[in-house]
Amino acid sequence: MRLQLKCALVVAMFVAGQTAMVSAEKIDITRPGDAIQLVSGFNQDDGNAGPPPGSEGVENAINDIGQKYLNFLDLSSGFSVTPSFPQTPVTGLTLYTANDAEPRDPASYQLFGSNDTIDGPWTAISSGNLALPSARNNGGNSVVIPPTGNAAAAHQTVEFENDTAYQHYRLIFPTLKDAVAANSMQIAEVELLAVPEPASAALALVALLGMVGYLRRR
Ligand SMILES: [Ca+2]
Ligand SMILES: [Ca+2]
Ligand SMILES: [Ca+2]
Ligand SMILES: [Ca+2]
C-alpha cells in the first residue's frame, strides 16, 4: 500500500473516531418559549382538579430553571411540545425533580411523536418506568438548567432507540410514586434529548473521500 494512502487511512480513522465522539453527545431540543400545551389526566383518591397554579404552568416544564410544572389532574398528565430546534429523532429524556412532595413525582412515562399537529395523531416512541431520585431541586430561579443540562441537579436520564424525527412530541406520566398520597403530578424540568446535526457525519465522510482521492492522484 502506498504511503499516502496509508496516511489518508490513518487520518480517516482519526476523524471517524472524532465524529463518533461528537455524535454521542445528546442535547435538549426544547427551548424556553417553544409552543407547549397542557395535557391533563385524572385523579386517584383526591378531589383537586383545578388548573395549574399561576406560577406552576406547563411552560415551566421547559423554562430552563428549577421552577416546576404542576397538574392537579395528575395520572397521565404531561404536555405536548413543538421544539423550534431542527427536526431530530429524540432518543432520550432527562427529568428533574421538583422542590417538594416526592409522592407527586412521575413513576412512569410514555413518549409519542407526530408530524401532523401538536394535538396528534400520535405514534408511540418509548415508554417505561422511572426511578426519580428522592433529592429535591429548589424552585424559582435558584437552579439553572442550561440547554446542555445540569448534572449537579437531581435528575434521571432515560435513553431509547428511535430513528424517526418528529415535529411534535407528547410526554405523559401514567403513574406517580404515590398517587393515593399525592393531589397532583409535578416536575421541575424536562429535556428531550437528541443527537444534533445528523448531517455532520455524512459531511465528514464526503470530505474524507475527497481527501483520499486527492492523495491517491498525487
Ligand atoms: Ca391522588
Ligand atoms: Ca422548570
Ligand atoms: Ca432545556
Ligand atoms: Ca388531583
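**A close look at Ala35**

Reply: Leaving aside residues up to four places away in sequence, Ala35 touches Val81, Thr82 and Ile118; two residues are in contact if their C-beta atoms, placed from the backbone, lie within 7 Å. This is a predicted model, in which local features need pLDDT of at least 70 and side-chain atom pairs count only at pLDDT 80 or more, while totals for chains, interfaces and linings use all residues. Residues are numbered from 1 along each chain as its sequence is written, and chains are lettered from A and ligands numbered from 1 in the order in which they are written.

Ala35 and Ser80 are 45 residues apart along the chain, with their C-alpha atoms separated by 8.3 Å. Ala35 counts as exposed because 12 other C-beta atoms lie within 10 Å. The cut-offs are 20 or more other C-beta atoms within 10 Å for buried and 12 or fewer for exposed, with partly exposed in between; these C-beta atoms are placed from the backbone.

The element that holds Ala35 is strand β2. Strands (E, at least two residues) and helices (H or I, at least four) are DSSP runs numbered from the N terminus. Strand β2 belongs to an open sheet of five strands, ordered β2-β4-β9-β6-β7 with antiparallel pairing. At the edges are β2 (35-39) and β7 (123-129), each of which pairs on one side only; two strands pair if DSSP finds at least two bridges between them. On average, neighbouring strands of this sheet are turned by 15° against each other, direction ignored; axes are lines fitted to C-alpha atoms, for helices over the stretch in contact, and angles run from 0 to 180 degrees between N-to-C directions.

Elsewhere in the sheet, β6 (residues 108-114) and β9 (residues 168-173) run antiparallel and are joined by five bridges. Here Ser114 stands opposite His168 in β9.

Val58 lies in the loop between β2 and β3 (69-71). Val58 is buried because it has 21 C-beta neighbours inside 10 Å. Its C-alpha atom is separated by 5.7 Å from that of Leu38, 20 residues away along the chain. Residues up to four places away in sequence not counted, Val58 touches Ile36, Gln37, Leu38, Pro52, Tyr69 and Phe79.

Now the whole chain. It has two helices and eleven strands, and its elements run α-β-β-β-β-β-β-β-β-β-β-β-α from the N terminus on. Of its 218 residues, 31% are buried. Among contacts with a separation of 6 or more, 81% are between residues 24 or more positions apart.
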